[in-house]
Amino acid sequence: MDQSLRSSIQTSTFYYFLIVMFITTVAQLTTMIVIMFADISGKELLVAAAVVGPALMGAFGIIRVLTNMKLIVAEMDAKMLATNWGKEISSIPFGILKFIFAGVFVAIAIVQLITIY
């Protein structure tokens, strides 16, 4: 694979990761503030939907983006793997990280749902 193309794909994949993390985190923080400070009596199902939706989108988004990153790293040639950058990026456990990040979002959503009810 052309190195400039690889660099472009990796950079955009990393930015997609940051965007998904930011949007999901802001959505969950906003929902938590509403749960804590607003009167949600009678609106529990609406607030629960606002919790579950972003949590699932964030979890699946993180899994997809980190899977893409894992595939990009797996396609490095021997010359790129021999560099310090290649050694470091190939040692990142993307397979484990995607489930850790997704699990964090789901765990936060579960805590929020427990708080609602």
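Start with F17. Beyond its neighbours within four places in sequence, F17 is in contact (heavy atoms within 4.5 Å) with I62, V65, L66 and F101. A word on provenance: this is a predicted model, where local features need pLDDT of at least 70, side-chain atom pairs count only at pLDDT 80 or more, and totals for chains, interfaces and linings use all residues. Numbering runs from 1 along each chain as its sequence is written, and side-chain values use heavy atoms, without hydrogens and water.

F17 is buried, at 13% relative accessible area. Buried means under 20%, exposed over 50%, partly exposed in between, with a 1.4 Å probe and protein chains only.

Now the F17 and F101 rings. They form an edge-to-face aromatic pair, 5.5 Å centre to centre, with 65 degrees between the planes. Ring centres of Phe, Tyr and Trp (its six-membered ring) must lie within 6.5 Å; planes under 30 degrees apart are stacked, over 60 edge-to-face, the rest tilted. This pair links F17 in helix α1 to F101 in helix α5, 84 residues apart. Helices here are DSSP runs of H or I, at least four residues, numbered from the N terminus. F101 counts as partly exposed because its relative accessibility is 27%.

Next, the largest nonpolar core. That means buried Ala, Val, Leu, Ile, Met, Phe, Trp, Tyr and Cys residues joined through side-chain atoms within 4.5 Å. The core has 13 residues, and F17, I62, I89 and F94 have the most contacts inside it. α1 (3-37), α2 (44-74) and α5 (94-116) each supply at least two. α2 gives the largest share, five residues. A second, separate core of eight residues includes I35, V47, A55 and I116.
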